[in-house]
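Hi,

Here is the structure I promised to pass on to you.

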Amino acid sequence: MDLSELSPAYVRSIAPYQPGKPISELAREMGLDERKIVKLASNENPRGFGPRTRAAIEAALGDIARYPDGNGFELKSALAKRYGVEMSQIVLGNGSNDVLELVSLAFLGPGRAAVYSQHAFAVYPLATQARGARSIVVPARDFGHDVEAMADAVDEETRVVWVANPNNPTGTMVTPERLEAFVRRVPERVIVVIDEAYNEYLHANLRADTLGWLRRHPNLVVTRTFSKAYGLAGLRVGYALAHPAVADVMNRIRQPFNVNSIALAAAAAALNDMEFVARSYAENLQGLRQLEEGAKKLGLEWIPSYGNFVTIRVGRAGETYKRLLRRGVIVRPVGGGYQLPEHLRVTVGTADENERFLAALSASLGE
Ligand SMILES: Cc1ncc(COP(=O)(O)O)c(C=O)c1O
């Protein structure tokens, strides 16, 4: 008997998420020195994390024999103060991935549907399929979300629309005006998720006032993370801001202790590491320009990016990916579900890491 058949067909048909290759794995496979490997594959912060965060982590270590605060009071208070929302509007997650899953658990199921864009973040199809809901995939426009077509695609069964702004892996963004017009068009019975994982990497003028829109649009869920600009990907902490009634259902189905105590303390402190985040933003912009210049010199096209990564068209991406691995550089292929078989997504690293990637790319293309 094939025991996998005990699970529903919609679960068995899920294609597993492909994470960026860990440094330790490549070191084992290729017999390379871990310290010489450059990983630009998971949109992490190459600068690490801020000094206040480090101090909070060290202080929290003494308490790990105890369960964390299941309500995350300290972090929720800090978020409420920073963003001018009520604590009842906040849902904390084990990474923002967790809160995306909570949206799907709370609002999707068989007989329901979710709308998302072609080339959108991989968790949307995963979370939709895992609940037995139908996916309505809207073709991208210039690699980005065609939000007008996405609003048109909402049907009777649609309960969730997923929007990543900026989107991963394309780095594209929807302007605040277009996004607001879209939110106005989607009926209130449909939850609109605006996933702002890369929000801190946007210039302030390009950031939509999504938190202000929450007051007018009770069906809006804004998700954010400490994994990117705050540099806490390994700790896993993110959150959703929503109408209290929406947050309430999501909180009911959340695991009681879904965010660990070190992550809670670190995230609350990280909100005050403003200088670290500002420097991460500025250095990311420089790094993006460095990668774009490098791609240009190699005669390659790229998708203009608003995130901490850039997706470059290299042609036979699978082959180039492997050649880069042999040179100790890990990037992310975006064929498969992302449907970009000629591109590689490259996270912005330190100036030195970016240089090493560009040199390895040049050598790989010439091989
Ligand atoms: C668009 C987008 N949303 C959400 C996430 C999830 O990140 P995390 O679970 O670390 O918060 C990612 C991670 O790459 C992402 O790119």
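Which residue has an N or O atom in its side chain 2.5 Å from an oxygen atom of the ligand? That residue is Thr225. Please keep in mind that this is a predicted model.

In Arg236, an N or O atom of the side chain lies 2.7 Å from a ligand oxygen. Asn97 takes part through its backbone instead, with an N or O atom 2.9 Å from an oxygen of the ligand. On its own the ligand has 400 Å² of accessible area, and the protein covers 93% of that.

As for the rest of the surroundings, the residues around the ligand also include Gly95, Ser96, Phe121, Asn168, Asp195, Ala197, Tyr198, Ser227 and Lys228. Sorted by class, this shell comprises six polar, three nonpolar and three charged residues. The space that the ligand takes up is the second largest pocket.

How many cavities of 30 Å³ or more does the structure hold? There is one, and the volume of the largest cavity is about 50 Å³. Its lining contains five nonpolar, four polar and three charged residues. Among those lining the largest cavity are Asp69, Gly70, Gly72, Lys76 and Leu92, along with Asn251, Arg254, Pro256, Phe257, Asn258, Val259 and Leu264.

Best wishes

Note on methods. Residues are numbered from 1 along each chain as its sequence is written. This is a predicted model: local features need pLDDT of at least 70, side-chain atom pairs count only at pLDDT 80 or more; totals for chains, interfaces and linings use all residues. Side-chain values use heavy atoms; hydrogens and water are left out. A residue is near a molecule or strand if one of its heavy atoms lies within 4 Å of it. A polar contact is a pair of N or O atoms within 3.5 Å; within protein, one must be able to donate a hydrogen and the other to accept it, and residues adjacent in sequence count only if both atoms are side-chain atoms. Accessible areas come from the Shrake-Rupley method with a 1.4 Å probe; for residues, only the protein chains shown count as cover. On a 1 Å grid over the protein atoms alone, a cavity is a set of points where a 1.4 Å probe fits but cannot get out, and a pocket is an open set with protein on both sides within 12 Å along at least five of seven lines; lining residues have an atom within 4 Å of a point. A molecule sits in a cavity or pocket if more than half of its atoms lie within 2 Å of its grid points. Ala, Val, Leu, Ile, Met, Phe, Trp, Tyr, Cys and Pro count as nonpolar, Asp, Glu, Lys and Arg as charged, and the others, Gly among them, as polar. Grid points are joined across faces, edges and corners, and a volume is the space filled by probe spheres set on the points.
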